[in-house]
Every structure is written in structure tokens, then in C-alpha cells.
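Take a walk through this structure, one chain at a time. Keep the sequence beside you as you read.

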Amino acid sequence: MIRYVSGRLAQSLLVMFLVAAVAFSLFGFVGDPIRQMITEDASQAEIERLREVMGLNDPVTVQFWRYISGAVHGDFGVSYFHKRPVGALIAERLPATFELAGLSVLLSILIGIPLGVYTGLHRFGRGARALMALSLVGISIPTFLIGIMLIYLFSVILGWLPSFGRGETVTVLGGFWRTGFLTTSGLQSLILPSITLALFQTTMIMRLVRAEMLDVMRTDYIKFARARGLGTQAINFRHALKNTLMPVVTVIGLQLGNVIAFAIITESVFQWPGMGRLFLQAIQQVDIPVMSAYLIMIAFFFVVINLITDLAYYAIDPRLRSNALKGTAHA
Amino acid sequence: MKFTKQLAASAFAILSVCALAGQATAQEKVLRWSSQAAIANLDPHGTTGALPLSILGNVYEPLVGRDKDMQLEPVLAESWEVVNPTTWRFKLRDGVTFHNGNSFNADDVIFSMQRVGNKYSFLRDRVSMIKEMNKIDDLTIEFVTNVPYPILPQMWTSIYMMDKEWSEENNATVPSNSVENIESYAGQQSNGTGPFRVVERVPETRTVFEPYAGYWGKVEHNLDRVVYLPITQDGTRVAALLSGEIDMMFPVPLQDIARLQDNADTEVLIQPELRTIMLGMDQRRDDALQTEPEGNPFKDKRVRQAIYQAIDIDGIQQKIMNGLSEPAATLISPLLFAPAGKMQRYPYDPDASRKLLAEAGYPDGFKTALVCPNNRYVNDERICQAVTSMLARVGIDVDLRTMNVSQYWKVVGRPVQEFAMYMMGWTPGGLDSYSVLFNLMGTWDEASGRGRINNGDFSNARIDEIIAAVESETDQAKRDALIEEAYQIVHDEVYYLPLHQQAVVWGVRKGVEVVQRPDDDFEFKTARITR
């Protein structure tokens with residue numbers, strides 16, 4: 001088990017290094033950071049001096065090496081635009097993104113799975129058909145449009161919910177974590193963006209669970225369970241649902257990574273002060289240290305999430321557990 | 001049981017807080033406003049962005065500022081005079097205090113100027129003309145420049161004064177600088193002389209200002225607090241104004257103007273902006289890039305004029321800018337240089353254009369390319385598309401290349417200059433007509449920096465003579481006459497194709513009064529809440 005995990009971690013480090021290398025080599029095409037830092041009427045000599053000081057005249061490989069050796073020591077450099085250490089910038093925005101992403105994944109699981117079970121069990125029912133039709137809408141309308149529609153309906157027309165920002169936030173955990181969960185306006189502000197972000201995931205989980213349920217309900221062991229006279233509840237949830245969960249967990253895991261990485265759009269529509277907006281801004285400002293750090297971090301998330309997903313299989317599927325035990329015993 | 005009690009207690013607490021908050025907003029006059037970008041840091045010398053500098057202008061003040069008609073006005077300097085062509089004497093205002101109570105004097109000015117001139121400062125070009133500074137007494141200071149520098153006050157309208165003692169105590173004598181890994185105390189805290197002080201700041205989310213009771217000047221506002229909430233997305237910003245979450249915002253995207261005007265609770269303020277949008281052409285290479293047949297058609301004045309007359313500027317104004325642009329005949333707004341108002345555009349005339357092309361030896365036109373930014377100026381990409389199709393009508397086949405602004409600068413700026421034609425917008429530094437002359441019209445000269453934005457690299461000996469003459473001309477009328485002559489040459493020779501000044505558009509809730517300025521500065525001290 002330990003060997004398995006450490007092997008995966010070593011792989012992950014390689015993946016992250018490659019992501020950083022690819023990202024860094026692309027940055028040469030994004031534009032010139034100097035132009036974003038100074039006024040349009042700055043002199044050529046000043047521009048050249050800055051290029052020299054910032055090491056932008058060095059070959060990309062040298063710049064990359066400098067960056068990676070800093071990153072290994074936890075130093076991701078200083079943002080060209082914010083003029084503050086990148087680590088601190090990301091740490092400030094991490095809570096906002098995590099709260100939003102966490103809540104929307106939770107929403108999509110809590111809503112998606114029951115709806116999936118329902119539509120799977122009553123596949124010809126009127127309610128299930130309506131839900132399936134609606135889910136098509138959810139899966140095909142782009143996130144930003146949903147966000148804007150929600151804003152116009154609930155903020156502009158009805159005036160119920162705030163259209164942007166996180167509302168009042170308070171710091172917890174020794175001032176490190178700034179949360180919106182403890183104030184009324186903070187909670188209100190979470191509603192629209194988390195729904196926007198959750199909608200796609202919800203519909204996807206629902207459709208996936210439905211398809212799996214349809215498959216499982218046709219299998220022999222369900223028929224036997226029925227024949228033995230087990231209760232409907234027990235069959236549907238204990239036996240059927242549990243066996244549909246493997247692919248669902250994989251997808252939820254991957255989606256969590258996506259939700260964090262693609263919160264960019266939702267964050268930018270709702271002016272959510274999270275990492276996605278930081279990244280978007282970094283692209284516009286050619287803020288190379290921020291872009292690199294963000295990409296490395298996202299790669300890290302995906303790697304960790306994949307690892308956790310793999311581990312979750314063990315918890316759900318007893319067959320894997322015994323195999324794994326055998327495996328470690330042999331090794 | 002205990003839990004229910006706690007719940008009840010906290011519910012009560014929340015209710016009473018809400019009630020209090022309700023009362024507070026009823027009495028307090030809070031102005032919430034929004035624009036595109038967050039203030040990255042509060043250091044008045046650590047940024048060059050127009051928006052952060054203008055927001056910080058409510059907290060910090062310059063020696064000399066500009067009033068709402070863009071005329072110079074005394075701020076922390078009461079008066080200034082030219083003692084001799086290289087010496088300026090500034091008399092400072094008496095009785096000015098910083099937010100921490102320290103009084104403002106000549107030492108603070110010398111300190112601030114040195115801080116701006118620090119090698120880590122991005123604004124240091126603005127003070128590089130100073131050779132020495134002499135404190136005459138506590139409220140008088142003399143600046144000696146290397147060469148005569150007639151537009152010294154104009155260059156300093158966003159050079160803000162800091163408190164020497166406060167900066168030294170807090171180890172903030174060096175401006176924030178990303179390159180050197182310097183995070184100044186002044187980037188997080190502030191201490192200016194302005195009518196407002198920063199009381200709270202959540203990066204990227206909000207900055208809260210309160211009036212400074214000890215402000216020296218007259219204020220017209222009736223505000224208790226100002227909250228700045230950056231909102232990047234145009235649609236979200238419009239929605240926030242419509243829903244009443246904010247009281248004022250800019251810029252209003254052109255397509256939303258009608259919607260804000262139609263809404264009973266909001267209105268729109270419109271003014272021409274100072275920036276001039278123009279097209280430039282490569283006039284240096286013998287064989288222009290991306291252009292066929294061989295040779296450089298842009299070296300021929302007839303071709304340049306043909307392109308000029310092929311552009312239907314009124315069409316662009318009506319179809320693309322929703323009427324919100326002021327067609328320009330030269331490279332500077334008449335608001336900044338009055339003689340610019342007298343100049344006339346060459347008329348739109350495709351027939352004349354075709355005739356000129358034929359005379360120049362291009363009866364069937366030619367192929368060329370146009371480089372345009374797509375996220376820099378209002379509708380930049382659409383304007384270029386329109387120009388492309390207008391030029392096609394006279395036989396010029398344009399390959400349009402649009403890109404985001406950071407890439408665009410790399411392509412268009414020195415030393416790359418990879419274009420045949422390019423679009424550019426320009427607001428003169430110091431808002432002075434000479435800056436346009438020196439930067440955009442002079443022949444490129446690396447030593448002095450003359451012509452550094454003359455990316456098309458044309459060269460006119462008379463213009464260079466005028467630049468030299470204006471540099472040491474302290475008589476305002478003569479100076480203006482010389483500058484006007486240079487602008488006229490640029491017009492006659494069609495070195496540039498000026499397009500228009502775009503509009504400044506602000507959206508305001510009813511019951512909020514603000515004074516709109518053509519430079520997009522929002523002065524809190526002129527705002528009133530009357531609802």
C-alpha cells in the first residue's frame with residue numbers, strides 16, 4: 001500500500017515537472033511582461049534595463065531552471081503585476097476557490113445521485129422524462145451564460161441575491177482562512193456561483209448514475225434479491241446503487257479537479273476573488289510567475305485527486321481490497 | 001435544550017445585527033462604486049496603471065493637478081514660477097497635514113521626488129529631468145533641471161507626495177517593486193494628504209475609504225464612506241448597477257448604454273475621452289512587410305492620403321461606436337490642445353482615393369496587412385474589420401491580424417516593428433501636446449528617446465527642428481504656434497491616419513451625483529448622495 005502510494009507520488013512529481021516545462025516554453029508566446037509593467041511612454045533604455053534585471057534576456061532553459069530551483073524551495077517568485085510573492089497571492093485566494101468548488105461538488109453529489117437513482121428506476125415516468133430533458137439543458141448551456149442568466153433573474157429582476165463577490169467574510173484558523181460560510185451575506189453570495197458551477201456536474205452525475213442503474217437493475221443478482229423477497233429500499237440503495245458507484249466515484253474525482261480548474265469562468269462572471277480570476281488576470285498581464293505556479297498547482301490537484309480516487313476504490317470495492325492485500329503480501 | 005437556547009440566542013444576535021445594519025445604512029451615506037481592475041497595491045510610486053493612480057489620487061496628492069476641464073491647478077503647491085529656463089521655484093501650501101497628523105513641508109517633497117526617482121521605481125522617467133533640489137525654506141523648494149524643461153508641472157500631475165517621517169519609520173523609503181522582490185509597507189498601508197484615507201482593504205475584493213477630517217481643502221461631498229469594488233466582467237458590472245448593489249461604475253460597455261438609459265433608476269454620463277485612436281504605417285523599410293507587390297507603397301504620400309480618404313469615419317462612428325466617438329483630424333484631443341479643434345479631416349471620398357492610388361502607380365491597388373489589438377481600445381477589433389472592408393472597396397486587400405494587447409505591443413513596439421499598418425491609441429504623458437510631438441512625430445533618436453513611439457519611422461527635418469525649438473521655448477504662445485505648425489505638417493504629409501477619440505461612459509444610480517472627467521478620474525470629494 002505504502003509502496004503503491006509512493007510510486008504514484010513519484011509519478012506525480014514527474015507529471016508536474018513536465019507540466020511546468022511545457023507551460024514555461026509556451027509563455028514566450030504570450031507577450032512581453034515589461035509592456036504591462038511600465039507606462040507606454042517609458043524609454044527604450046528603461047525597457048532594456050528591466051529586461052536585463054528580470055533575466056528575460058536569458059535563454060528560456062536558464063529561466064526555467066531558475067524558476068524550478070526556486071519552486072523546489074517553495075519560492076514561486078514575485079508576481080509582476082501584484083508585486084507580491086506568488087505563494088501569498090495563491091494562499092489568499094485558495095479559500096475562496098475551495099469553498100466554491102467544495103460546495104458545488106457537494107451540491108452536485110447530493111442532487112445528482114438521488115435524481116440519477118430516481119430517473120433510473122422510473123425510466124418511463126413523466127417526472128423522470130422531464131428531468132432528463134432538463135438535464136440536457138444543463139449539460140449543453142455554457143457556464144457563463146447560466147451565470148449571467150441567474151444574475152439577471154435573481155439579482156436584477158428579483159433583487160434577492162447579490163450579483164458579485166463573496167459578501168462579508170471572516171477569517172478563521174488563525175487568520176489564514178477567509179470564509180464566507182459564517183455570515184449571512186457570505187452564504188447568500190455563495191448560492192448563485194455554486195449553482196452555476198454545480199449545474200453541469202449535477203446533470204452529468206445524474207445521467208451517469210441513471211445509466212449505471214439501468215445496467216445494474218437488469219443483472220441477475222438483483223433479480224435473485226427480488227426473488228428472495230428483499231425490500232425495494234434495500235435492493236435499490238444497498239445492492240444496486242452501491243454497485244453503480246465505482247465509475248461515479250472516478251468521475252466525481254476527476255470532476256473535482258475540473259471544478260477547481262474551470263472555476264475560472266464562474267469566478268470571472270461573479271467577480272469571485274479566487275484563484276481562477278488570479279490566473280485569468282495573470283494571462284492578460286503576462287504575469288509568468290503566477291501562471292506557472294497556478295498550472296503546477298492544478299497539475300498537483302489532479303494528481304492528488306487521482307490518487308484519492310484510486311484509494312476510494314479500495315473502500316468501495318472489497319474485491320480490490322483483498323487483491324491489494326495479496327499483492328502487498330507477495331511483495 | 002442547550003443547543004436550542006444557543007440557536008435562539010444566535011438567531012436573535014443575527015436579527016439585531018441586521019436591524020442595526022439597516023439603521024446604519026439609513027443614516028450613513030455610503031457610496032459604492034466599481035471599475036474593471038483591483039488596486040494591486042497602495043504604493044503611490046509602485047504602479048503606473050491609470051486606474052490605480054487615479055483612485056490613489058483621493059488619498060495622496062500631487063504638487064500640481066488638473067481640474068475637471070484639464071487645466072493645471074495648484075494642489076499641494078500654492079504657486080510655481082520659472083526663475084530661469086532651468087530653475088523652477090514651487091511655493092508649498094501651508095497648513096497641510098498627512099493622515100497621521102504630520103505636517104507637510106519641503107522635506108517631504110524632496111523625499112517623495114527621490115523615492116519616485118529611485119532606481120526601482122517605474123515612474124522614474126517622470127522625474128529624471130531633475131538635476132538637483134534645493135530647499136529654500138520649509139515651504140519653498142527649487143528644482144534645477146538638466147536642460148530647459150517647459151512642461152515640468154504637466155509631467156508631475158500624478159506624482160504623489162508622501163510623508164518622509166512615516167516612510168522612514170516604517171521602512172518604506174523604496175517603492176514596491178516586483179522585479180527586485182520589494183514589498184513596501186506603503187503597498188499595504190497608506191498615509192497621504194488627500195481628502196480620503198483608506199480604512200480597510202481586502203485585496204481583489206474591496207477597498208474602503210473614509211473622509212479625512214483634517215483635510216486642508218474645500219470638499220463638496222456629503223459621504224461617510226466610499227467603497228471600491230472591482231468587477232472585471234462588463235455584464236456583471238452592469239448587473240450590479242441595475243440591481244443597486246453599486247451606485248456608480250465605469251466603463252459602461254457601448255451595447256449596455258441604452259439599457260441603463262431606459263432603466264428608471266440609472267443614468268449614463270458621456271464625455272469624449274482624451275485618448276486618440278489612429279492608424280500608422282511603415283514608412284522606413286524599402287520593401288514593406290506583408291505587402292505586395294515589392295516596394296513600400298506607404299512611402300508615397302498619395303497612397304497614405306488614398307487610405308485616409310477611403311476610411312468612412314462617420315460610418316465607424318455610427319455603426320460601430322454607437323455614435324460615441326469624436327472623429328479626429330489630428331493626434332491630440334482639442335480638449336488638450338485647442339488648435340487641434342480648428343483642423344479638418346480629409347473628406348471621405350473613395351473616388352478620390354482610387355484616383356490617388358492610380359496616380360501613385362497602383363491602379364489595381366495592392367496587398368498589405370494591418371495589426372490590431374483586440375482587448376485594448378473600445379471596439380478595436382471591429383474598427384479594424386471595418387477599415388479592412390473599406391480599403392477593399394478601393395482595391396487595397398488587407399490581411400487583418402488581431403491579437404491581445406500584450407502580444408500586440410511586442411509586435412508593434414521597438415525594436416521589432418513587424419507590421420505594414422498598425423492601430424494605436426495614445427494619451428499624451430502629462431497630457432501635453434509636446435509629448436505627442438516628441439514621441440509620435442519626431443525622428444527616432446535612441447539617445448534622447450525622441451520618436452520612440454513613431455513606430456512607422458517617418459522622418460521630417462522641420463518637425464525635428466520644431467521639437468528642438470519647443471524644448472527651450474518658455475513663451476506659451478510661441479510654443480503653441482510651433483507645435484501647431486508641426487501638427488499641420490503631419491496632417492499635410494498624412495504621416496498618420498487619425499480616427500477618433502472614444503467616449504468616457506459612466507453609469508450612475510439616480511440620487512447619486514458625481515462629476516465626470518474626460519481622464520476618467522473619479523474624485524470622491526465631488527460626489528454627493530441625495531436620495
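Start in chain B, where Pro415(B) sits in the loop between helix 12 (405-412) and strand 16 (421-426). Helices here are DSSP runs of H or I with at least four residues, strands are runs of E with at least two, and both are numbered from the N terminus. The peptide bond that leads from Arg414(B) into Pro415(B) is cis, with omega near 0 degrees.

This is a predicted model, in which local features need pLDDT of at least 70, side-chain atom pairs count only at pLDDT 80 or more, and totals for chains, interfaces and linings use all residues. Residues are numbered from 1 along each chain as its sequence is written, while chains are lettered from A and ligands numbered from 1 in the order in which they are written.

Now look at another loop of chain B. Pro293(B) lies between strand 12 (266-281) and helix 8 (301-310). The bond from Glu292(B) to Pro293(B) is cis, with omega near -5 degrees. Gln290(B) is placed in the loop between strand 12 and helix 8 of chain B. Its phi is near 55 degrees, a positive value in a residue other than glycine. Why point these out? Most residues other than glycine have a negative phi, and most peptide bonds are trans.

Next comes a helix pair. Helix 13 (residues 433-441) and helix 14 (residues 461-471) of chain B pack at about 140 degrees, with axes 10 Å apart. Axes are lines fitted to C-alpha atoms, for helices over the stretch in contact, and angles run from 0 to 180 degrees between N-to-C directions. That makes helix 13 of chain B oblique to helix 14 of chain B. Angles under 35 degrees count as roughly parallel, over 145 as roughly antiparallel, 65 to 115 as roughly perpendicular and the rest as oblique. Tyr434(B), Leu437(B), Phe438(B) and Met441(B) of helix 13 meet Ile463(B), Ile467(B) and Val470(B) of helix 14. Contact requires C-beta atoms, placed from the backbone, within 7 Å. The residues of this contact divide into seven nonpolar, no polar and no charged. Nonpolar covers Ala, Val, Leu, Ile, Met, Phe, Trp, Tyr, Cys and Pro; charged covers Asp, Glu, Lys and Arg; the others, Gly among them, are polar.

Step back to the domains. Chain B has domain 1 (59-179) and domain 2 (273-503), with bounds from an automatic or database domain assignment. Their centres, taken over C-alpha atoms, are separated by 35 Å. In chain B, 11 residues of domain 1 are in contact with 11 residues of domain 2.

Turn to chain A. Its mean pLDDT is 81, and 92% of its residues reach 70 or more. The score is the predictor's confidence in each residue, from 0 to 100. Over residues 325-331 of chain A the pLDDT is below 50. Where pLDDT is low, the predicted coordinates should not be read in detail.

Chain A is divided into domain 1 (9-72) and domain 2 (86-330). In chain A, 15 residues of domain 1 are in contact with 12 residues of domain 2. Helix 1 of chain A gives the most to the side of domain 1 that touches domain 2, with eight residues.

Finish with helix 5 (residues 86-121) and helix 10 (residues 232-269) of chain A, which pack at about 150 degrees, with axes 10 Å apart. That makes helix 5 of chain A roughly antiparallel to helix 10 of chain A. The residues of their contact divide into 12 nonpolar, three polar and no charged.

How values were computed:
Contact = placed C-beta atoms within 7 Å.
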